[in-house]
Amino acid sequence: MKKKSASLKKNSAKEVAKTERSPKDRRKASLLTPTDLKAAATKDISAALNGILADAFALYLKTKNFHWHMSGPHFRDYHLMLDDQAGEIYAMTDPVAERIRKLGGTTLRSIGHIARAQRILDNDADYVEPSDMLAELCEDNKTIAASLREAHNVCDEHRDIASASLIEVWIDETERRTWFLFEAGRPVDATGR
Ligand SMILES: [Fe+2]
């Protein structure tokens with residue numbers, strides 16, 4: 001009889017251990033910000049926004065890189081334009097990351113994390129022609145606009161109106177940057193204009 005109750009005790013202790021979360025899991029669970037959105041929404045929207053966040057950091061640094069290494073007769077105009085654009089891209093990053101946390105997701109933690117998640121490619125070339133800088137940034141901004149549109153669809157599916165409305169503003173800003181880069185990078189025609 002004694003033996004039986006000892007084994008019952010042992011089994012129930014095992015059951016408790018199985019259902020109880022480890023201290024690490026409990027700490028991780030404390031990052032689950034309360035939300036009425038479903039777990040799938042947190043997962044899908046966080047994944048979409050984390051990709052955009054990594055791309056925004058990559059594009060921010062590339063824009064600064066080109067701002068710092070600009071050269072040629074249009075130096076002042078291009079240098080200043082790229083500084084404005086870098087500031088706008090950087091301003092996106094905190095609201096993107098905080099949307100993820102508001103949904104209970106977790107976001108990027110390091111430069112290494114950005115490097116693993118970014119889709120925008122770095123440009124570490126020693127010298128880049130000014131017109132190539134503008135063309136490359138123009139393409140990168142178009143890529144980010146497309147990712148933002150995809151993320152908007154994900155938000156719509158899960159009825160995350162707040163993220164969607166921020167994304168709409170970021171799409172507009174991205175299209176403005178693309179427009180400026182396109183116009184500034186137009187080759188001069190035969191009339192010299
Ligand atoms: Fe600067």
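A nonpolar core is a set of buried Ala, Val, Leu, Ile, Met, Phe, Trp, Tyr and Cys residues joined through C-beta atoms within 7 Å. A residue is buried if 20 or more other C-beta atoms lie within 10 Å of its own, exposed if 12 or fewer, and partly exposed in between, with C-beta atoms placed from the backbone. The model is predicted: local features need pLDDT of at least 70, side-chain atom pairs count only at pLDDT 80 or more, and totals for chains, interfaces and linings use all residues. Residues are numbered from 1 along each chain as its sequence is written.

**Overall fold**

- The protein chain has seven helices and zero strands, where helices (H or I, at least four residues) and strands (E, at least two) are DSSP runs numbered from the N terminus.
- The pattern along the sequence is α-α-α-α-α-α-α.
- Of the 193 residues in the protein chain, 28% are buried.
- Among contacts with a separation of 6 or more, 79% join residues 24 or more positions apart; two residues are in contact if their C-beta atoms, placed from the backbone, lie within 7 Å.

**Nonpolar core**

- The largest nonpolar core has 35 residues, of which Leu49, Ile52, Leu53, Ala56, Leu59 and Ala151 touch the most other members.
- Helix 3, helix 4, helix 6 and helix 7 each give two or more residues to this core.
- Helix 3 supplies the largest share of this core, 13 residues.
- Ala151 is in contact with Ala48, Leu49, Ile52 and Ile167, leaving aside its neighbours within four places in sequence.

**Helix 3 with helix 6**

- Helix 3 (residues 39-68) and helix 6 (residues 130-157) pack at an angle of about 165°, with their axes 10 Å apart; axes are lines fitted to C-alpha atoms, for helices over the stretch in contact, and angles run from 0 to 180 degrees between N-to-C directions.
- Helix 3 is therefore roughly antiparallel to helix 6 (angles under 35 degrees count as roughly parallel, over 145 as roughly antiparallel, 65 to 115 as roughly perpendicular and the rest as oblique).
- The crossing of helix 3 and helix 6 is left-handed, a term used if the near helix is turned anticlockwise from the far one by less than a right angle, with right-handed for clockwise.
- Residues making the contact include Leu49, Ile52, Asp55 and Leu59 of helix 3, and Leu137, Ile144, Leu148 and Ala151 of helix 6.
- By class, this contact of helix 3 with helix 6 has 13 nonpolar, three polar and five charged residues; Ala, Val, Leu, Ile, Met, Phe, Trp, Tyr, Cys and Pro count as nonpolar, Asp, Glu, Lys and Arg as charged, and the others, Gly among them, as polar.

**Helix 6 with helix 7**

- Helix 6 and helix 7 pack at about 160°, with their axes 9 Å apart.
- This angle makes helix 6 roughly antiparallel to helix 7.
- The crossing of helix 6 and helix 7 is left-handed.
- The contact of helix 6 with helix 7 has 15 nonpolar, five polar and five charged residues.

**Val96**

- Val96 lies in helix 4 (residues 75-102).
- Val96 counts as buried because it has 24 C-beta neighbours inside 10 Å.
- Beyond four places in sequence, Val96 is in contact with Leu49, Ile52, Leu53 and Ala56.
- The C-alpha atoms of Val96 and Leu53 are 6.4 Å apart, although 43 residues separate the two along the chain.

**Arg159**

- Arg159 sits in the loop between helix 6 and helix 7 (161-184).
- Arg159 has 11 C-beta neighbours inside 10 Å, so it counts as exposed.
- Most residues other than glycine have a negative phi.
- Arg159, not a glycine, has a positive phi of about 60°.
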